[in-house]
Amino acid sequence: MLSATESLNKPLEKPFRDFLNATLGDKRQHARFLNMLSMLEHMGSRKIMLSQMNGILTQDILKHLAEETRHAFFFKREAERLSGIPLEGYPDGHTMSAASGRLYFGRLEAGLTTHLPPDAHRETGYLWVSLVVELRAIWIYRLYQQALAAANLVLSLKGVIAEEDRHLVDMVARLSEIGFNVVEFLPGAGLYEKERFEKLLSALQRGAPYPEPANPTLSIAISAMPDSQ
């Protein structure tokens with residue numbers, strides 16, 4: 001599945017690498033990108049919780065929830081370390097392409113779950129969306145790790161990538177157990193997700209204007225942030 005994802009997304013690899021290289025050269029934008037990754041991981045953990053509130057919270061689901069929450073914390077911590085100021089929540093000023101990130105996740109979830117069989121197992125929607133998201137997350141994090149290493153930046157995503165890899169294996173195994181044919185549905189889902197991600201990448205490439213916050217104290221702190229590594 002990972003090799004198929006890489007092949008499908010080959011045309012997006014260079015544009016995304018170019019975006020990463022430009023972003024890593026600007027501390028302000030890099031911090032906002034990290035905060036966006038934190039936001040997406042937080043959204044993932046929240047959707048797991050909401051989707052399973054009326055189900056049976058198994059040990060595996062709770063483990064997945066805890067790890068996604070920890071990933072959100074990891075990226076938030078690194079964003080604050082880089083910016084040198086607290087980044088409360090995910091407002092536009094601190095979060096790159098926040099609205100596009102939310103739209104990506106929302107439309108992806110809606111599109112992947114709308115056509116599930118009415119008699120599908122109650123875990124199917126959560127597992128299916130998680131699987132498709134894990135494939136994109138691994139694709140992003142691997143390229144991001146390569147860019148970090150090339151820029152000689154001391155930030156390792158190896159732990160996050162290893163956990164996402166395990167999540168992917170777990171999703172596939174559980175979907176197979178409950179009778180969902182991943183092989184049949186994955187090609188169409190991959191194309192659908194790619195279209196959603198292309199829109200998000202376009203927003204990232206455009207680079208939303210960096211609004212000045214209303215808080216004057218915060219404005220001073222932000223203006224003091226170095227613009228480059």
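Asn-152 lies in the loop between H6 and helix H7 (158–177), where helices (H or I, at least four residues) and strands (E, at least two) are DSSP runs, numbered from the N terminus. The model described here is predicted, so local features are reported at pLDDT of at least 70 and side-chain atom pairs at pLDDT 80 or more, while totals for chains, interfaces and linings use all residues. Residues are numbered from 1 along each chain as its sequence is written, and side-chain values rest on heavy atoms, with hydrogens and water left out.

With a relative accessible area of 67%, Asn-152 is exposed; the cut-offs are under 20% relative accessible area for buried, over 50% for exposed, and partly exposed in between (1.4 Å probe, protein chains only). A second residue other than glycine with a positive phi is Ser-97, with a value near 45°. Ser-97 belongs to the loop between H4 and H5 and counts as buried, at 7% relative accessibility. For context, most residues other than glycine have a negative phi.

Stepping back to the whole chain, there are 9 helices and 0 strands, so that the order from the N terminus is α-α-α-α-α-α-α-α-α. Of the 229 residues in the chain, 47% are buried. The exposed surface comes to about 11500 Å², and carbon and sulfur atoms supply 58% of it; accessible areas come from the Shrake-Rupley method with a 1.4 Å probe, and for residues only the protein chains shown count as cover. Taking contacts (heavy atoms within 4.5 Å) between residues at least 6 apart in sequence, 81% join residues at least 24 apart.

Aromatic side chains come next. The whole structure holds 11 aromatic pairs, where rings of Phe, Tyr and Trp (its six-membered ring) pair if their centres lie within 6.5 Å, and planes under 30 degrees apart count as stacked, over 60 as edge-to-face and the rest as tilted. Phe-19 and Phe-33 form an edge-to-face pair, at 5.4 Å centre to centre and 75° between the planes. This pair links distant parts of the chain, with Phe-19 in helix H2 (residues 10–24) and Phe-33 in helix H3 (residues 27–51), 14 residues apart. Both Phe-19 and Phe-33 are buried. Phe-180 and Phe-185, in turn, are stacked because their ring centres are 5.1 Å apart and their planes lie at 20°. In that pair, Phe-180 is buried at 11% relative accessibility, whereas Phe-185 is partly exposed, with a relative accessible area of 37%.

Ring pairs also join Phe-16, Phe-19, Phe-33, Tyr-104, Trp-139, Tyr-144 and Phe-197 into a cluster. One member of this cluster, Trp-139, has Arg-136 over its face, at 4.8 Å from the ring centre. Likewise, Arg-196 lies over the face of Tyr-192, at 4.5 Å from the ring centre. A charge sits over a ring if NZ of Lys or CZ of Arg is within 6 Å of the ring centre and within 35 degrees of the ring normal.

The largest pocket has a volume of about 420 Å³. A pocket is an open set of points on a 1 Å grid over the protein atoms alone, where a 1.4 Å probe fits, with protein on both sides within 12 Å along at least five of seven lines; lining residues have an atom within 4 Å of a point. Its lining comprises 31 residues, and Leu-40, Gly-44, Phe-105, Val-129 and Val-133 lie nearest the centre. Two or more lining residues come from each of H3, helix H4 (59–83), helix H5 (98–113), helix H6 (124–150) and helix H8 (182–206).

Glu-68 lies in helix H4 and is buried, at 6% relative accessibility. Leaving out residues up to four places away in sequence, Glu-68 touches Glu-41, Ser-45, Ile-48, Glu-134, Glu-164 and His-167. Its C-alpha atom is 9.8 Å from that of His-167, a residue 99 positions away along the chain. Ala-66, also in helix H4, is partly exposed, with a relative accessible area of 40%.

Finally, Gln-145 is found in helix H6 and is buried, with a relative accessible area of 17%. Beyond its neighbours within four places in sequence, Gln-145 contacts Leu-155, Ser-156, Leu-157, Lys-158 and Ile-161.

Definitions and conventions
Points joined across faces, edges and corners; volume = space filled by probe spheres on them.
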